[in-house]
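Trainee: I should like to learn how to read the features of a structural model. Could we take them one at a time, with the general idea before the case?

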Amino acid sequence: MGLEKFKDRNIGTQNYKKLDLTHPPKSGWDRFKQVVSRTFKPELCIGLWVTLREMINALFRGKMHTTQYPLEKLPISPRYRAIHEMLRLLESGHYRCIGCGLCEKICISNCISMETRYDENQRKEVSEYTINFGRCIFCGYCAEVCPELAIVHGGRYETASEQRASFSLFEDMLTPIDKLNLQKEYQGFGAISPNADDNIKKTPLAY
Amino acid sequence: MSEIELVKNMISITIDGKEYKAKEGEYILNAARANDIFIPAICYLTRCSPTLACRICLVEADGKQVYSCNARVKEGMEIVTTTPNILEERRAIMEVYDVNHPLQCGVCDQSGECELQNYTLELAVDSQSYSIPDTKRETKNWSSVLHYDAGLCIVCERCTTVCKDMIGDSAIKTTKRGGSALDKSLKGSMPKDAYAMWNKLQKSIIAPSNGTEHTNCSDCGECIAVCPVGALVSRDFQYTTNAWDLKKIPATCAHCSSGCQIYYETKPTSISDRREKIYRVTNEWNYVSLCGAGRFGYDFENREVKKDKEAFKRAIEAFKKAKVINFTSVITNEEALMLQTLKEKLGVKLINREARAFQIFLDFYKQYSGKSLYSLDFKEIMASDFVISLGTSLRNDNPNARYAFNNVQKMNKGAGLYFHPVGDTLVPTFGRNILTFAHKVGHEEAVLLLLIELFSNKDELPDIVKEQLDREKLVELLGGDSKFEASFSKIMKKKEKFSLIVGEDLYFHPKAKNIVKLITILEKTSPIKVAMIPPKTNSLGVALICDLDDEAKGYTIGYNALGDFKFSALGDGDLDAPAMNQQEGTLTNMHKRVTPTNVALEYNGYTLHDIVKELLNIPTKYTIDWTPKLPINKGFKSIDFDSLPNGYSNDGTENRGYLLTEITSEAKEIDVDKFDENIALDGDIAYRCNPQRQFSDFTNKAHQIFEEFALYASPKRAEALGKRVVVEFDSGNLELDVKIDERMDGDIVAVPDFKSDKNIYELFGASRYQKVIIREV
Amino acid sequence: MDATMLPEVTAVGVIIKAILILAIISAIAGFGTYIERKVLAFMQRRLGPQHVGPYGLLQLAADGIKLFTKEDIIPQHANRLIFAVAPAITAATAFIALGAVPVFPDFTIPLVDVYVPSIASDVNVGILFVLGMMAAGLYGPLLAGMAQSNKWGLLGSARTAIQFLSYEVVTGLSLLAPIMLVGSLSFVDFNNYQSDGTWLVVYQPVAFILFLIAGYAETNRTPFDLLEHEAEIVSGYVTEYSGMRWGMFFIGEYANMITIGIIASIVFLGGYNDWWIFPGWIMILAKIAFSFFFMLWVRAAWPHVRPDQLMWLCWKVLMPLAVINVVITGIVMMAG
């Protein structure tokens with residue numbers, strides 16, 4: 001498509017409104033008048049007042065914004081994709097993973113690895129499972145592809161550690177058996193987060 | 001069948017409106033496949049008889065609905081692969097297969113390469129119209145390697161078909177399931193073929209055919225290979241990995257002279273050990289069938305080898321002062337050529353007993369027939385309809401020869417003659433038209449005389465042969481019964497193509513030369529063509545490439561064999577060598593084909609190539625740089641390793657490596673010796689013969705091959721011998737456990753030779769049979 | 001002047017005062033950085049330094065340790081001598097300027113009965129001396145920027161030249177009117193002039209505003225911190241500086257801020273005279289503190305100006321206004 005055609009294309013009827021902006025001063029006198037009017041309008045003082053007001057708000061009205069991070073933590077979205085959790089079946093307490101290997105296959109950074117074997121109950125048993133968090137990009141494909149909702153993302157986002165292995169083995173990710181009652185069911189991808197209502201706020205830039 | 005014949009027999013057919021060529025008398029399915037046309041089929045196996053279990057291969061031929069797997073093409077036939085009715089049938093069939101099939105694809109080993117998955121998706125089954133109460137089907141371990149999950153089984157009968165038609169064990173069969181009966185009203189309402197298929201499926205399940213819980217078979221695992229679903233899986237492989245995680249490495253099996261096409265399937269060993277490990281071996285099961293050694297004997301690699309510079313230095317010294325190199329036939333053509341080069345340059349003697357015997361035999365054959373190679377390959381034997389086996393324990397020596405013998409009986413309405421001193425109870429079960437002769441050891445010449453008498457044109461025979469042809473006497477001498485005449489004329493009916501398999505017994509025969517002469521005469525004067533079984537993996541290649549010596553003394557280097565300095569891939573040598581699954585190179589198999597094999601597992605040590613390079617200062621970089629240098633005057637071709645093909649085309653044509661060229665020369669005058677029946681051995685006889693899945697130290701190293709190094713005997717004989725015996729040879733004694741081989745018959749006992757350190761060849765000397773004294777310990 | 005003010009006592013006193021100025025002002029300058037961070041944080045509803053000491057008070061110690069121990073890097077192609085001397089110029093001129101500035105009312109040390117004038121040196125041309133010293137301070141950034149062989153540094157020093165020189169004119173002219181009223185160049189006289197409680201800012205509001213604007217420009221404070229405008233020229237004249245050399249620039253800057261605060265307090269805001277019930281020294285401290293706070297406040301509230309706007313403001317607005325202010329003051333004085 002040539003540029004002419006591009007300019008002539010049918011873009012439909014537009015209903016833009018033009019703001020009534022004042023025109024820039026043309027003569028020197030006009031400019032001087034503008035300076036004078038700006039000088040004696042207390043516009044600068046408005047800025048000073050805003051900053052002072054916020055200071056008063058912060059110091060005396062308890063509106064300080066800072067979260068003192070390692071001491072205080074903000075609640076994160078339940079859909080947050082941090083360190084994985086391996087869930088258990090609520091009834092039996094047995095881990096849900098069946099060792100199908102789909103997470104291993106779909107993993108785009110090739111960081112999931114597992115070992116399976118034929119166990120005494122003639123079932124496929126996951127004997128080892130590991131995620132290399134040095135490589136994981138937390139894309140969430142593993143959780144999405146899991147047919148058993150066995151691997152999900154958790155909220156543990158503080159992933160600095162002396163050893164990568166500290167949280168990459170099966171047992172570390174598995175819900176501890178004594179905390180089975182605290183295990184949260186995964187809502188699935190795209191589900192509205194439970195605290196969605198709380199997150200709706202008026203735009204804080206009232207001024 | 002030669003090329004010209006093929007072209008002559010081509011007819012034209014029309015498939016879906018397009019014209020194609022097909023071989024006359026071929027099944028429609030195979031003709032379509034050869035022309036790259038897809039017709040769904042679950043139960044059909046290319047080289048076996050159609051089972052008509054799945055009925056999904058329905059097509060319309062000349063307006064009639066037929067099963068393409070068992071309808072043959074005719075000139076001008078018009079075939080339509082899909083009609084609305086056929087599609088309806090196929091979809092109904094797939095729906096029925098999916099009824100009660102456990103939804104455990106997540107853990108199933110077949111997931112990803114499952115034909116049930118594939119066809120369910122291919123035919124877009126997105127809803128289920130049928131249902132029936134399920135029956136509990138137990139999971140069973142049939143043998144030390146076979147695991148059968150009846151719940152997953154769709155009773156396509158491929159396993160039973162391959163076991164019967166190809167392997168010959170017939171160890172499994174369909175049996176009653178005890179499932180609920182179908183609702184009779186379905187008969188009218190659902191598609192006809194789907195109903196018939198379901199009716200049969202609902203009634204049957206697979207079980208060992210001997211009525212017990214366990215199969216009595218050679219544990220070849222071919223049933224595992226052909227199983228379209230996850231019902232049959234090797235016990236060792238079960239649930240250890242997923243199909244898609246495995247890397248397929250095309251290779252040639254290194255255990256016997258069949259040189260079968262295989263894939264080593266590898267994946268890292270474990271989470272902590274990222275080195276590759278072979279998880280299983282698979283094959284193109286439509287075109288090649290493996291034995292138990294090939295399928296399960298894969299982990300014979302030389303592990304944890306590093307470049308040991310000191311050992312390498314010592315090896316160079318050893319090679320410099322060596323007078324003899326003693327080696328086995330488990331070696332590539334390239335390595336054989338290197339050894340031959342060492343002989344030429346350094347003057348060492350090359351010792352390889354099995355290949356030497358074969359080499360002499362081949363030399364005689366060349367002298368008297370004028371051909372450097374035997375006439376038939378084993379594919380051609382499969383195409384014959386009368387097959388004779390002489391001088392080989394068919395069951396043990398070479399699985400592919402046995403499969404061919406069996407396949408001829410099953411597929412070609414064939415017949416067979418089996419001559420062997422050691423009785424075998426399995427061979428007669430291959431077909432009804434098999435006559436077996438347990439002749440005396442040493443009477444192989446008489447067998448050939450009988451064959452000449454039976455098949456040859458008497459006018460062309462030399463007088464000395466004619467004189468000896470006394471049919472009645474020969475039959476009696478060889479242990480045939482009185483009804484021989486009648487049964488022979490019965491099995492000879494309508495037979496056109498005759499083949500003779502000869503084996504190792506003849507190469508190690510004191511009268512080998514005379515035997516070759518008789519074979520040559522037989523070939524010249526009768527329609528019988530001969531095929532030989534090279535004794536070990538690459539014996540044919542070694543026999544062609546190396547200039548072997550009979551006897552040699554002095555400082556010896558053993559390459560995977562005994563010697564003063566051991567260069568060994570078994571991990572016990574003075575310098576480590578790569579095993580065959582860690583090497584690339586070519587092998588010459590009994591089909592007279594030079595096939596490539598590739599590296600499946602890492603090897604970091606020194607190879608023979610490094611030694612030869614150091615010794616002779618040859619500027620090659622890899623072992624495979626020697627591939628194009630293989631001797632052309634022996635039938636090899638000058639082709640680079642990397643341009644060797646390795647696969648099969650859809651019509652079953654083998655595109656692996658290349659075929660050896662036959663070199664013809666002037667034939668010598670034949671002067672036959674007179675047969676002396678007194679050379680027969682009497683008394684206790686030991687036969688040098690390995691158990692079914694053992695071939696060499698390498699099979700023995702594999703963890704799924706359990707057959708022990710023991711004395712094998714028929715049940716009756718074993719009972720008489722006791723638990724453990726000493727076998728006294730002329731040149732030494734051997735103490736062995738006694739094991740029962742249920743398929744052996746007669747009094748001859750088998751002593752295996754797969755352990756090179758036992759030096760069995762030394763005990764047996766120049767013959768495969770020895771008179772021995774057996775004492776119980 | 002009392003009889004106890006012996007020459008030798010005066011000499012010792014001057015040395016003591018010089019040391020006190022150096023110690024206290026540099027400490028206050030460091031403390032100023034803490035205050036600045038805290039105030040800016042509060043105005044943005046943040047907490048500011050929090051973890052070193054109570055309320056982060058020891059942050060300045062931490063920063064000091066950091067600055068002292070940090071590696072001192074001199075770039076390969078820099079003029080080493082000038083590069084090394086430049087920070088000293090800024091710091092030295094800032095402290096020297098403080099030598100002629102009275103901070104407190106004179107007082108007598110109890111017990112020893114020593115009379116102490118709270119000025120190191122009551123030069124009779126005090127204002128000129130202070131202004132001159134501050135003007136000489138421009139050599140610090142100018143040389144630093146030119147010596148470091150860095151284009152950002154060079155731009156920074158170019159801006160130093162125009163900004164400092166230009167606004168020197170405004171500072172001088174804006175102070176000229178009060179000087180005319182007081183009739184002296186001594187700060188003590190300025191203070192005494194306002195002892196009746198009427199601040200000079202009442203007579204000279206325009207001069208006060210002009211002085212503040214020019215003062216901000218000369219101390220390189222927002223909205224006129226173009227010398228090291230990080231959005232435009234990385235760090236301007238301090239781009240290549242690290243460690244204590246960098247620190248000296250900033251001690252100088254904060255000392256200058258205090259100087260401007262003192263001048264503004266003494267010249268325009270009534271100096272250290274007692275006011276109502278508050279003694280003079282508290283008054284002057286409060287005035288200086290407010291003046292300092294106002295600088296921070298302005299920084300939190302207002303944006304930067306562009307260099308061309310800066311020049312335009314100086315030569316086309318402020319300077320004419322200052323001249324007019326002087327003329328009017330003169331006419332009023334002559335008329336009065």
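Mentor: Let us begin with helix length. The expected span of a helix is 1.5 Å times one less than its number of residues. Please keep in mind throughout that the model before us is predicted.

Trainee: What span should helix α7 of chain B have, and how far apart are its end C-alpha atoms?

Mentor: Helix α7 of chain B covers residues 192–203, which is 12 residues, so at 1.5 Å a residue it should span 16 Å. The end C-alpha atoms of this helix are 17 Å apart, which agrees.

Trainee: Which residues of α7(B) are buried?

Mentor: A residue is called buried if 20 or more other C-beta atoms lie within 10 Å of its own. In α7(B) the buried residues are B:Asp193, B:Ala194, B:Tyr195, B:Met197, B:Trp198 and B:Leu201.

Trainee: Against which elements do the buried residues of α7(B) pack?

Mentor: They pack against β3, α3 (84–98), α6 (186–189) and β9 (204–208) of chain B.

Trainee: Let us turn to nonpolar cores. How many residues has the largest nonpolar core, and which have the most contacts inside it?

Mentor: The largest one here has 211 residues, and B:Ile28, B:Ala41, B:Cys57, B:Ile325 and B:Ile501 have the most contacts inside it. Helix α12 of chain B, residues 353–369, gives the largest share of this core, with eight residues. Domain 1 (358–532) and domain 2 (680–776) of chain B both contribute residues, so the core lies between them.

Trainee: Which residues does B:Cys57 touch?

Mentor: Leaving aside residues up to four places away in sequence, B:Cys57 touches B:Leu29, B:Ile39, B:Pro40, B:Ala41, B:Tyr44, B:Tyr67, B:Ser68 and B:Cys69. There is also a second, separate core, of 85 residues, which includes C:Ala41, C:Ala86, C:Ala94 and C:Ala217.

Trainee: How should I read backbone angles?

Mentor: Most residues other than glycine have a negative phi, and most peptide bonds are trans. Exceptions therefore deserve a look. B:Arg55, which is not a glycine, has a positive phi near 60°, and B:Asn617, also not a glycine, has a positive phi of about 55°.

Trainee: Where is B:Arg55 found, and is this residue buried or exposed?

Mentor: B:Arg55 is found in the loop between α2 (28–34) and β3 (58–61) of chain B. B:Arg55 counts as buried because it has 23 C-beta neighbours inside 10 Å.

Trainee: Where is B:Asn617 found, and is that residue buried or exposed?

Mentor: B:Asn617 is found in the loop between α23 (608–616) and β27 (646–648) of chain B. With 7 C-beta neighbours inside 10 Å, B:Asn617 counts as exposed.

Trainee: Which residues does a cis peptide bond join?

Mentor: The cis bond joins C:Thr222 and C:Pro223, with omega about 5°. C:Pro223 is found in the loop between α9 (205–218) and α10 (230–233) of chain C.

Trainee: How does one judge the overall form of a chain, taking chain A as the case?

Mentor: For chain A the radius is 29 Å, well over the 17 Å that the rule gives for 207 residues, so the chain is more spread out than a compact globule. The C-alpha trace of chain A spans about 95 × 65 × 35 Å along its principal axes. Chain A is divided into domain 1 (28–60) and domain 2 (84–182), and 59 Å separate the centres of these two domains, taken over C-alpha atoms. Buried residues make up 18% of the 207 residues in chain A.

Trainee: What secondary structure does chain A have?

Mentor: Chain A has seven helices and four strands, which follow the pattern α-α-α-β-α-β-β-α-β-α-α along the sequence.

Trainee: Finally, which chains have the most contacts between them?

Mentor: Of the two pairs of chains that touch, chains A and C have the most contacts. That contact takes 11 residues from chain C and 16 residues from chain A. On the side of chain C that touches chain A, the largest share, three residues, comes from α12(C). The residues on that side divide into eight nonpolar, one polar and two charged.

Trainee: How many residues of chain A are in contact with chain B?

Mentor: Here 15 residues of chain A are in contact with 11 residues of chain B. On the side of chain A that touches chain B, β2(A) gives the most, with five residues. That side divides into four nonpolar, six polar and five charged residues. Chain B and chain C do not touch, and their nearest C-alpha atoms are 43 Å apart.

Conventions. Residues numbered from 1 in each chain as written. Chains lettered and ligands numbered in written order. Predicted model: local features only at pLDDT ≥ 70, side-chain atom pairs only at ≥ 80, totals over all residues. Contact = placed C-beta atoms within 7 Å. Helix = DSSP H or I, 4+ residues; strand = E, 2+ residues; numbered from the N terminus. Nonpolar A, V, L, I, M, F, W, Y, C, P; charged D, E, K, R; others polar. Buried ≥ 20, exposed ≤ 12 C-beta atoms within 10 Å, placed from the backbone. Core = buried A, V, L, I, M, F, W, Y, C linked by C-beta atoms within 7 Å. Domains from an automatic or database assignment. Rg over C-alpha atoms; globule rule 2.2 N^0.38 Å.
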